[in-house]
Every structure is written in C-alpha cells, then in structure tokens.
Amino acid sequence: MMPSLDIVSKVDLSELKNAVLNSMKEISQRYDFKGSISQIDLDSDSVVVTTEDDLKARQVNEILIGNLIRRKIDPKALQEVSREPASRNNIRIRFEILQGIQKEEAKLINIEIKKSKLKVKSQIQGDELRVSGQKRDDLQKVIQLIKALQLKIPAQFVNFRD
C-alpha cells in the first residue's frame, strides 16, 4: 500500500453557523452599530449580509472574517457573488460558500504537482484530489507546495495514509 492523502476544500457548516451567530452577537453589542439594520443570514449555500451602506458593510465583513478565523475557517471559503440594493436604501451582499475543488483549480494543482518533479501521482476524483507516492516525505513536500500556491480556495489535507 502506497502512502496517500486527499486534497479537499470543505467548510464545516456548524462552525460557519457559529461564526455567523458570534458576528451577529458582536454587532448587536457594538456602540457604532446602535440603531443599525445590519444582519448576517446563513443559507445552505450562501451567507447574506444586509446593512445600510458600504462603510457598515466593510465593518460587518471585518467582524465576520475575524469570527471565521477564530473558528479556523479560511475566509477564502466565502466568495462575493453579488452586491445589490435592498429595501429602505440598504445593501445586500451575497457570499457563496465554496465547497469542493472546481475543475480549473484541480487542473492547476495537478500541473503544479507535475512541475515539482516529485515522485507522486495525483488524480482528480470528483471535487477532490488524491495524491499518492512511494515516500511519505514526498507527500509532505506536496502539502508544502500546495500551501505555497496562491489558490482562490482554502485547501485541507485529509485521509493521510501510510
């Protein structure tokens, strides 16, 4: 049996829910948000921020990102997909929750692994990548390589088998 690992991009939804709840609690307690209509809603595949203006939107985003990091969720897991006016002169910003590695990202990772000349095989399996090699050290070098890439998605390394 060859050592192997899977490269995935998954968000723990219960942790995300906790981050959203903590952000809402923080917003409700902050003096600069007194009387503000700032709201963060979590759907099954997106997070929606509703607030008065761009300044408040930036502040809400900073609070949310801080809570995501505290909950060990990479902020790259949320990608802004739309920004639109809402009722009563508010702004609604929708963030998509990125789950899984898209084909383009997977191909890019595969190419980088091949360029590295490490003695490993990588294959795309749905929305994750399986990397296997003769030596455990090569797999650890692959992890360092992936971490060094500036990916648009957060990558985690799971199912490490010897």
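**Close-up views of a predicted model**

**View 1. Asp6 sits in strand β1, which covers residues 4–8.** Strands (E, at least two residues) and helices (H or I, at least four) are DSSP runs numbered from the N terminus. This is a predicted model, in which local features need pLDDT of at least 70, side-chain atom pairs count only at pLDDT 80 or more, and totals for chains, interfaces and linings use all residues. Residues are numbered from 1 along each chain as its sequence is written, and side-chain values use heavy atoms, leaving out hydrogens and water.

**View 2. Here are the side-chain partners of Asp6, Arg130 and Asn159.** Asp6 has a relative accessible area of 0%, so it counts as buried (under 20%; exposed is over 50%, partly exposed in between; 1.4 Å probe, protein chains only). Its side chain makes polar contacts with those of Arg130 at 2.4 Å and Asn159 at 2.8 Å. A polar contact is a pair of N or O atoms within 3.5 Å; within protein, one must be able to donate a hydrogen and the other to accept it, and residues adjacent in sequence count only if both atoms are side-chain atoms.

**View 3. Meet the largest nonpolar core, with 22 residues.** Such a core is a set of buried Ala, Val, Leu, Ile, Met, Phe, Trp, Tyr and Cys residues joined through side-chain atoms within 4.5 Å. Elements giving it two or more residues are α1 (13–29), β3 (46–51), α2 (54–70) and β5 (90–97).

**View 4. Ala77 lies in the loop between α2 and β4.** Ala77 is buried, at 2% relative accessibility. Its contacts (heavy atoms within 4.5 Å) beyond four places in sequence include Val11 and Pro154.
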